Amino acid sequence: MERVVLVTGASSGVGLALCRRLLEEDGRIHLCIACRNGQKNEATRDLILTEYPAAQVSTVEVDLGNLASVLRVARELRCRFQRLDFVYLNAGIMPNPHVNFKALWHGLLTGKVLHMLTTAEGIMTQTDRLNGDGLQEVFATNLFGHFILVRQLESLLCGNEKPSRLIWTSSSNARESAFSLSDYQHAKGQESYSSSKYATDLTSVVLNRKFNKQGLYSSVVCPGLVMSNMTYRILPVFLWKLLMPIMWLIRFFAKTYTLTPYNGAEAHVWLFKQKPEYLDALVKYHSCTSGLGKSYVEPRKMDVDEEIAEKFYQKLLELEKQTLERYSDLLD
């Protein structure tokens, strides 16, 4: 039987490149693309089928920042499929990003600028807001919506003949310093994206502990610095055009400057070909590109405290219980 692969955030950037690359690896998979915009969903499907006319491609519409939408799509997927082999939890948002040029200049003077440019540490801030469920929008979209989706799809992910895989798109910007257990939705800070990605790393670690014996394995990847719709919102387009030659040069010193979505999907595709039993649950797999354009994957130990990860997971379960009480009509 063909493997069933679900990809969230598949209409552009790394998500779309990943869909293409997966079909290059195995044209027999059933690819299910999940986007929040129905028209973009169908346009993406048509585009993929133009390039891979023999492919099996279906769509589901889901807004990961809306719990009702997540519950509806989980119900639809449970009706449509008997199992899921891969779920790429890729969708994410970075609303109203701002660059702290003063911090960037300070980094230049102190010799830390390359580190800052490769991790965005200290130079990137976002303005978050509450969504319709009363949750911080970035936390809800980047992590909690995916967490609820996974929880609702356990029957398709656990106990199959072959292992099932969760592959989360994290970031080199995932930093413990931006995350707090007492404010895990990051309502009080200005680095909600970094906080949500660190929370992603914590969640993946615990999911392995809870579900490996049931045949479900979780991994996290970093696509590197990719020029995508999300990235282009950080600076005006004309500035990006001026900076691009410099960024190509930086890649000789910063291997995480993957720049293109195709290169950014390298680690995602690499994991597609690995046996999960032999992977390290405490490793993040980074897409890298050499100065001469060769793509490769670099495993790096994650800076996570397993005790904090467990405590955070319990908070997610508590929040799940609180927030789903109002959606009893959408639960089985």
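**Note on the predicted model**

1. Gln-214 has its place in the loop between helix H8 (192–211) and strand E8 (216–222), where helices (H or I, at least four residues) and strands (E, at least two) are DSSP runs numbered from the N terminus. With a relative accessibility of 38%, Gln-214 counts as partly exposed; buried stands for under 20% relative accessible area, exposed for over 50%, and partly exposed for what lies in between (1.4 Å probe, protein chains only). Leaving aside residues up to four places away in sequence, Gln-214 touches Cys-158 and Gly-159, a contact being heavy atoms within 4.5 Å. From C-alpha to C-alpha, Gln-214 and Cys-158 are 5.3 Å apart in space, although 56 residues apart in sequence.

2. On the basis of the values: this is a predicted model, in which local features need pLDDT of at least 70 and side-chain atom pairs count only at pLDDT 80 or more, while totals for chains, interfaces and linings use all residues. Residues are numbered from 1 along each chain as its sequence is written, and side-chain values use heavy atoms, with hydrogens and water left out.

3. For the chain as a whole, the secondary structure comes to 13 helices and 10 strands, and 56% of the 332 residues count as buried. Of the contacts between residues at least 6 apart in sequence, 73% join residues at least 24 apart.

4. Helix H2 (residues 38–51) has 14 residues and reaches 20 Å from its first C-alpha to its last, close to the 20 Å expected at 1.5 Å a residue (the expected span being 1.5 Å times one less than the number of residues). Asn-41, Thr-44 and Ile-48 are buried in H2. They cover an arc of only 70° around the axis, which puts them on the same side of H2; the arc is that of the directions from the helix axis to the C-beta atoms. The face turned away from this buried side carries the exposed residues Gln-39 and Thr-50, whereas the buried residues of H2 pack against helix H1 (13–25), strand E2 (30–35) and strand E3 (56–61).

5. Helix H3 (residues 67–80) also deserves a remark: its 14 residues should span 20 Å at 1.5 Å a residue, and its end C-alpha atoms are 20 Å apart, which agrees. Its buried residues, including Leu-67, Ser-69, Val-73 and Arg-78, pack against strand E1 (4–8), E2, E3, H6, helix H7 (154–157) and helix H13 (306–324). At the start of H3, a side-chain oxygen of Asn-66 reaches to within 3.0 Å of the backbone nitrogen of Ala-68.

6. The largest nonpolar core has 56 residues, of which Leu-6, Leu-84, Phe-144, Leu-153, Leu-166 and Phe-312 touch the most other members; such a core is a set of buried Ala, Val, Leu, Ile, Met, Phe, Trp, Tyr and Cys residues joined through side-chain atoms within 4.5 Å. Helix H6 (residues 137–152) gives the most to this core, with eight residues. Apart from it lies another core, of 31 residues, among them Tyr-88, Val-221, Ala-265 and Leu-271.

7. Glu-298, in strand E10 (residues 295–301), counts as buried at 18% relative accessibility. A polar contact of 2.8 Å joins the side chains of Glu-298 and Lys-255, the term standing for a pair of N or O atoms within 3.5 Å, of which, within protein, one must be able to donate a hydrogen and the other to accept it, while residues adjacent in sequence count only if both atoms are side-chain atoms.
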